[in-house]
Amino acid sequence: MNEDRRIMKSYEQLLDMLYAQFGETCNITLYSISNGKGKIVGTRGNMLAEQIGDPMPDYILKEYPEAKRTPQKAFGFINRQVPGFLLRTSLKFITGENDELIGCLSISHNLMQIKMIMSFLEEFYRSDSYLKENEPAADPTAITSVQDFVSRTIDTFMNERLGGSDFARLPRIEKLKLIEELERKGIFQVKGSVEIIAKKVNLTKFSIYNYLDEIRTGDEK
């Protein structure tokens, strides 16, 4: 038991560092878990108005079985479980000396705030007042917009996952896995991303929307 407390204390000491790193667009929360129930024992950030002693949300324990098999499944997923928020959440489940679950460290970013910042920066960059008449010729490899960044990200992702394979010829289950991974990365939160992906994989945007609906419906079950 003393060892379990020491482990939890070591995670509690990380809260200030993580909050200093990620800032006010996120909440960092440490939960203590016992007998299938959890409560907040440490929190940083005001986005979710969490307090010490508040109960742990039910969805966190539901993530544990899958995260135990594949830890990466709990990293950077799109989280719609908190009313009024669209979050990108990572969960680090903590086990004690007997390999039993004793806690969870949660980091959640508010994607809506990030989207607003990205939209502002994109519009600011494109404004006539920002562009200069005598500006040097643009570097053709430079990233000049959010959509350009998404396009490059998708190219890199598809090259890593597919190599020379054709996405359109993959079995349906493999297509769903790839689209689900892009969904978990938050790519589909950026305006125009569905059209960009559809063009790159030689499918209609309606096909991509159908895959997304199937994935999101499955996540809600």
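The predicted model contains 8 helices and 5 strands. Along the sequence, these elements are arranged in the pattern α-α-β-β-α-β-β-β-α-α-α-α-α. The protein has 221 residues, of which 38% count as buried. Its accessible surface amounts to about 13900 Å², and carbon and sulfur atoms account for 51% of that area. When contacts between residues at least 6 apart in sequence are considered, 50% of them join residues at least 24 apart.

Nonpolar packing was examined next. In soluble globular proteins, nonpolar side chains tend to be buried together. The largest nonpolar core in the model comprises 23 residues, and the members that touch the most other members are Met158, Phe167, Ile179, Phe188, Ile197 and Ile208. Two or more residues of this core are contributed by each of helix H5 (146-162), helix H6 (172-184), helix H7 (193-201) and helix H8 (205-220). A second, separate core consists of 14 residues, among them Met56, Phe77, Leu91 and Leu101.

Within the largest core, the surroundings of phenylalanine 188 were listed with residues up to four places away in sequence left out. Under that condition, phenylalanine 188 touches Ile179, Leu182, Glu183, Ser193, Val194, Ile197, Ile208, Leu212 and Arg216. Of these partners, Ile179, Ile197 and Ile208 are also named among the core members that touch the most other members.

Charged side chains were then considered. Side chains of opposite charge can pair when their charged atoms come close. The count of salt bridges in the model is 10. One of them is formed by the side chains of aspartate 16 and arginine 44, with an N to O distance of 2.6 Å. This pair connects distant parts of the chain, since aspartate 16 lies in helix H2 (residues 15-22) and arginine 44 in strand S2 (residues 37-44), 28 residues apart.

Glu160 joins Arg161 and Glu181 in a network of salt bridges.

A salt bridge is also found between the side chains of arginine 169 and aspartate 166, at 3.7 Å from N to O. Arginine 169 counts as exposed because its relative accessibility is 73%, above the 50% limit for that class. Aspartate 166, with a relative accessible area of 35%, is partly exposed.

Aspartate 4 presents a charged residue without such a partner. Located in helix H1 (residues 2-12), aspartate 4 is buried yet has no salt bridge. The nearest side chain of opposite charge is that of arginine 5, 8.3 Å away, whereas a salt bridge requires the nitrogen and oxygen atoms to be within 4 Å. With residues up to four places away in sequence not counted, aspartate 4 touches Gly96, Glu97 and Ile102.

Methods. Residues numbered from 1 in each chain as written. Predicted model: local features only at pLDDT ≥ 70, side-chain atom pairs only at ≥ 80, totals over all residues. Heavy atoms only, no water. Helix = DSSP H or I, 4+ residues; strand = E, 2+ residues; numbered from the N terminus. Buried < 20%, exposed > 50% of the residue type's maximum accessible area, 1.4 Å probe, protein only. Lys, Arg positive; Asp, Glu negative; His and termini not counted. Contact = heavy atoms within 4.5 Å. Core = buried A, V, L, I, M, F, W, Y, C linked by side-chain atoms within 4.5 Å. Areas by Shrake-Rupley, 256 points an atom, 1.4 Å probe, with all protein chains shown as cover.
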